[in-house]
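Reader: I have a model open and a few quick questions. Can you walk me through it?

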Amino acid sequence: MVPSSYYLALAAILFSIGLFGVVSKRNILIVFMCIELMLNAANLTFLAFARQSGNMAGHAIAFFVIAVAAAEAAVGLAIVIAIYRTRGTLHMDEVRVLRD
Amino acid sequence: MNFPTQDFAALAPVGILSGGALILLLSEVFLASTRRGYQASLTVLFSILAAVAAAGGGSPGVIFNGQATVDAFSTFVTVIVCAGLALSALVGAGWLRARQAERGEFYALALFGASGMALLGSATDLLFAFISIEVMSISTYALAAYIRRGKKPAEAAFKYFILGSFSSALLLYGTALVYGAAGSTLFAEIGRAQGPLLVVGLGLVAVGLSFKVAAVPFHVWTPDVYEGAPTPVTAFMAAGVKTAAFAVLTRLALVAFQATPASAANSFAWVLAALALVSMLFGNWLALTQRSVKRMLAYSSIAHAGYLLVGVVAAAAAGAREAALSSILFYLASYTATVVGAFAVVAVLERRGRSLDEEPADAWDLERFAGLGRKRPGLAFAMAVFMVSLAGVPPTAGFIGKLLVFQAAISAHAYGLAVVGMLTSALGAYYYLRVVVYMYMRPAEDREIGLISPAIQVALALAVVAVIVLGVGPETVSKLARAAAAIGM
Amino acid sequence: MGDRAEMAVFWIFTVPLIAASLGVVVTKNPITAAMSLVGAFFCLAGIYVLLTAHLVAFLQILVYAGAIMVLFLFVIMLLALQEEILGVSRIKVMQGFGALGCVGVFAVIYRAILATGPRMMPQVGEDYGTVKAVGRILFTQYLLPFEATSLLLLVAIVGAVVVAKQRI
């Protein structure tokens with residue numbers, strides 16, 4: 001039997017990798033994918049705690065998180081397309097008309 | 001388990017708002033014509049109906065196994081959100097019509113956003129709060145990108161989206177840890193849990209919410225997004241998103257303050273106090289140097305998040321809790337009326353380029369306000385009232401709001417926060433009153449201001465009346481706020 | 001399944017999962033990142049099965065790998081992002097600080113997890129994590145979030161259409 005702390009530590013690693021990607025990557029799409037990775041880390045945590053306590057609330061929550069991720073992806077990718085149309089780039093350093 | 005009809009009935013205001021959104025979407029299909037004037041009126045009608053339904057619906061209390069609570073607090077929040085929605089829709093009508101960009105989708109998204117905010121005001125479960133935040137946020141992301149002329153709006157929407165979904169991810173992972181510590185995401189259960197997992201989880205949730213309320217150091221998106229988004233959308237974000245996010249933050253803070261180990265509750269209060277302090281200092285300081293009035297209002301909204309956080313911190317002391325909660329509610333009401341009004345004036349004076357894609361650098365420059373007092377005395381008077389209210393000078397709503405918050409802080413023995421709050425308010429008066437000086441003491445720039453659309457005139461009149469009435473006779477509303485504060489304790 | 005076999009399966013999924021996640025943040029090419037993420041989602045689905053979360057594992061592949069990532073790839077193809085691949089990365093110093101910060105965050109979370117102690121998983125019933133059991137929870141205990149999610153999906157559809165269509 002794999003103890004729950006293994007799963008939780010794995011989720012924490014995924015969360016940290018996603019966090020690192022968000023703060024360090026410059027490509028809009030890759031940043032967005034790193035956010036998806038963080039959502040998945042949360043899902044793994046929910047499922048591990050659900051399994052540990054033997055109730056299924058975590059499964060229902062994971063279901064909602066997947067739906068939320070789909071909704072975010074739809075609007076987010078629409079915004080990515082809009083920004084590419086006006087700018088012609090997805091590089092965050094170029095996207096800075098609004099700075100200062 | 002029976003079907004919870006009564007629980008659904010308690011959420012009637014949300015039903016009215018989202019049903020209204022559907023009607024507006026369909027109107028674009030079946031009634032589309034060049035005349036879309038009815039759409040703004042319909043939006044205002046639905047927000048009034050929702051506010052009436054909320055006020056008349058009573059307080060059934062806990063619904064859906066504790067995931068939501070419809071009480072006086074959530075009713076108050078819903079009414080503020082509806083007022084903010086109605087005023088922003090009126091501003092939007094005038095602003096969009098001048099740009100031939102009025103569509104039913106705009107109002108539909110605003111109504112959807114408001115239903116998310118109303119849900120958030122009643123959320124007493126972290127998962128449900130997360131989903132409500134997403135309903136609210138996704139509507140506002142789309143609204144920020146609604147009109148894409150030039151480069152700024154798409155970029156504002158993008159920045160808002162990336163930082164918004166990042167903060168949602170932090171909030172969700174925090175929720176997962178809290179679920180592990182408490183075995184549930186219900187606020188009621190979280191209050192009984194303890195342990196390091198709970199502390200880390202609640203910390204991540206607090207960081208996620210700080211992004212939403214734009215508290216320093218999680219404010220970096222605010223100036224860019226507020227400046228780049230269409231002005232009516234900025235007004236809606238400043239009023240609605242802030243109100244709803246503070247509603248859930250307040251409820252959650254109350255849970256954390258009552259947590260069993262006093263040390264955890266104390267550290268939570270200290271973290272919030274630190275956020276309040278830096279938000280007040282940096283918000284006001286950064287606003288000082290802004291020449292763009294729209295950007296100045298963005299920084300000022302960070303400062304106001306700081307003042308509101310002072311109210312939340314004051315709620316940590318059991319003796320001051322009722323005063324603190326009612327002060328937060330009153331502040332949110334007064335801030336909504338004031339900030340939507342101020343953005344309405346900004347929307348009127350905004351400079352547009354000759355071509356669709358041109359973005360004049362001085363679109364919202366202070367110079368645009370020069371000599372306004374002589375050319376448009378009515379508009380200048382309205383702006384003066386809003387600026388005076390934001391600065392917290394009597395006899396306006398902003399003054400009473402600040403007074404109540406600082407009183408609550410003093411009775412909670414948070415003297416330092418109260419003093420810093422008063423000092424930074426004095427600092428803030430400088431940049432707010434500078435706008436007034438420009439309007440009344442600078443010679444007019446030689447240029448014509450177009451006619452102000454009737455919708456914006458109505459919004460301005462309502463906002464001015466609200467700000468002055470709340471400032472001169474605050475008793476009725478503050479009594480309601482006190483009644484609303486008597487919950488959740 | 002024996003204890004040792006289960007542990008072996010855990011590592012069989014975990015090692016490629018971490019490798020694929022690192023692949024997402026290391027590469028500069030969005031297509032490589034997306035494919036790594038698809039791989040990560042498949043491994044994660046395997047781990048969900050180990051956690052007896054059959055329905056969620058199924059949804060993970062169906063919705064995440066099947067729909068969301070296909071949407072990502074579709075957008076990457078649509079925008080023809082070749083020139084983006086060579087984009088300069090942020091200054092290395094900043095990346096170093098970012099990595100340090102993330103290790104710090106991980107350390108804080110890991111300590112909190114360890115403080116709760118290693119818990120053994122309890123035995124669960126035959127229907128744990130099945131469609132029927134989770135569906136029952138969704139429509140009773142979680143009815144309100146379920147309805148709110150339906151509202152959310154509607155908002156997302158409207159929002160995506162408004163943002164992606166011809167500009168107004």
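Author: One definition to begin. Helices (H or I, at least four residues) and strands (E, at least two) are DSSP runs, numbered from the N terminus. B:N65 sits in the loop between β1 (61–63) and β2 (68–70) of chain B.

Reader: Before more of that, what kind of model is this, and how are things numbered?
Author: This is a predicted model: local features need pLDDT of at least 70, side-chain atom pairs count only at pLDDT 80 or more, and totals for chains, interfaces and linings use all residues. Residues are numbered from 1 along each chain as its sequence is written, while chains are lettered from A and ligands numbered from 1 in the order in which they are written.

Reader: What is the mean pLDDT of chain B?
Author: The mean for chain B is 89, and 97% of its residues reach 70 or more. pLDDT is the predictor's confidence in each residue, from 0 to 100.

Reader: Is B:N65 buried or partly exposed?
Author: B:N65 is partly exposed, because 16 other C-beta atoms lie within 10 Å. The cut-offs: buried is 20 or more other C-beta atoms within 10 Å of the residue's own, exposed is 12 or fewer, and partly exposed is in between, with C-beta atoms placed from the backbone.

Reader: Where are the cis peptide bonds you have?
Author: One runs from B:V216 to B:P217, with omega near 5°. B:P217 is in the loop between α9 and α10 (221–228) of chain B. Another runs from B:P394 to B:P395, also with omega near 5°. B:P395 lies in the loop between α16 (377–391) and α17 (397–411) of chain B.

Reader: New topic, helices. How far does α7 of chain B reach?
Author: Helix α7 (residues 152–182) of chain B has 31 residues and reaches 44 Å from its first C-alpha to its last. That is close to the 45 Å expected at 1.5 Å a residue; the expected span is 1.5 Å times one less than the number of residues.

Reader: Why call α7(B) largely enclosed?
Author: Because 30 of the 31 residues of α7(B) are buried. After α7(B) comes B:G183, whose phi is positive, near 75°.

Reader: How do α11 and α12 of chain B pack?
Author: Helix α11 (residues 231–257) and helix α12 (residues 262–288) of chain B pack at an angle of about 145°, with their axes 8 Å apart. Axes are lines fitted to C-alpha atoms, for helices over the stretch in contact, and angles run from 0 to 180 degrees between N-to-C directions.

Reader: Which residues meet there?
Author: B:A253, B:A256 and B:F257 in α11(B) meet B:A265, B:F268, B:A269 and B:L272 in α12(B). Contact is C-beta atoms, placed from the backbone, within 7 Å. By class, this contact has seven nonpolar, no polar and no charged residues. Ala, Val, Leu, Ile, Met, Phe, Trp, Tyr, Cys and Pro count as nonpolar, Asp, Glu, Lys and Arg as charged, and the others, Gly among them, as polar.

Reader: On to interfaces. How many residues of chain C are in contact with chain A?
Author: 71 residues of chain C are in contact with 61 residues of chain A. On the chain C side, α3(C) gives the most, with twelve residues. That side has 55 nonpolar, ten polar and six charged residues.

Reader: And how many residues of chain B touch chain C?
Author: 34 residues of chain B are in contact with 23 residues of chain C. α6(B) gives the largest share of the chain B side, ten residues.

Definitions and conventions
Two residues are in contact if their C-beta atoms, placed from the backbone, lie within 7 Å.
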